[in-house]
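Colleague: I have a few questions about this model. Shall we go through them one at a time?

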Amino acid sequence: QVQLVESGGGLVQPGGSLRLSCAASRSIFSINAMGWYRQTPGKLREVVAAVTSGGSTNYADSVKGRFTISRDNAKNTMNLQMNSLKPEDTAVYYCNAKEYYTGTSVVRGDYWGQGTQVTVSS
């Protein structure tokens, strides 16, 4: 088990920046994949960005070039730097961590934070 706690959300004007952080309750060294998702009312939760234990990253097309995901195994944290924010980025952002059975892609642990609200508005 691992508990995840997000922080850093808030209200920002269009074009502004925010940095989200996700703190894990234990070492994330063994966690295969971590990511940020977001959800707005009436819509499915969507992946924003993900990072593997090896440091490979992926981004949704809508945030490429604006958002940067990073993880710090030494500090058990993951961050999302969000620049050039747009009103359509408004959502609740969730931190996620997935562990797989060794040598497989079968998930043995899928953990979520409680979410943090990001509002982009003038």
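Colleague: Is Cys95 buried or exposed?

Modeller: First, the ground rules: this is a predicted model, where local features need pLDDT of at least 70, side-chain atom pairs count only at pLDDT 80 or more, and totals for chains, interfaces and linings use all residues. Residues are numbered from 1 along each chain as its sequence is written, and side-chain values use heavy atoms, with hydrogens and water left out. Buried means under 20% relative accessible area, exposed over 50%, and partly exposed in between (1.4 Å probe, protein chains only). Cys95 has 0% relative accessibility, so Cys95 counts as buried.

Colleague: Which residue does a disulfide join to Cys95?

Modeller: A disulfide is a pair of cysteine sulfur atoms within 2.5 Å. For Cys95 the S to S distance is 1.9 Å, and the partner is Cys22.

Colleague: How many residues apart in sequence are the parts that this pair ties together?

Modeller: Strands are DSSP runs (E, at least two residues), numbered from the N terminus; helices are runs of H or I, at least four residues. Cys22 sits in strand β3 (residues 18–24) and Cys95 in strand β9 (residues 91–100), so the parts tied together are apart in sequence by 73 residues.

Colleague: Is the disulfide left-handed or right-handed?

Modeller: Look at the torsion about the S-S bond of Cys22 and Cys95. The torsion is about -70 degrees, so the disulfide is left-handed.

Colleague: Where is Arg66, and is Arg66 buried or exposed?

Modeller: Arg66 is placed in the loop between β6 (57–59) and β7 (67–72). Its relative accessibility is 10%, so Arg66 counts as buried.

Colleague: Which residues is Arg66 in contact with, leaving aside neighbours within four places in sequence?

Modeller: Contact means heavy atoms within 4.5 Å. With those neighbours left aside, Arg66 is in contact with Gln81, Met82, Asn83, Ser84, Leu85, Lys86 and Asp89.

Colleague: How many helices and strands does the protein chain have?

Modeller: Along the sequence the pattern reads β-β-β-β-β-β-β-β-β-β-β. The count is zero helices and eleven strands.

Colleague: What is the radius of gyration of the protein chain?

Modeller: The radius is taken over C-alpha atoms, and the globule rule is 2.2 Å times the number of residues to the power 0.38. For 122 residues that rule gives 14 Å, and the chain comes close to it, so the chain is as compact as a globular protein of that length, with a radius of gyration of 14 Å.

Colleague: What share of the 122 residues is buried?

Modeller: The same cut-off of under 20% applies. Buried residues make up 39%.
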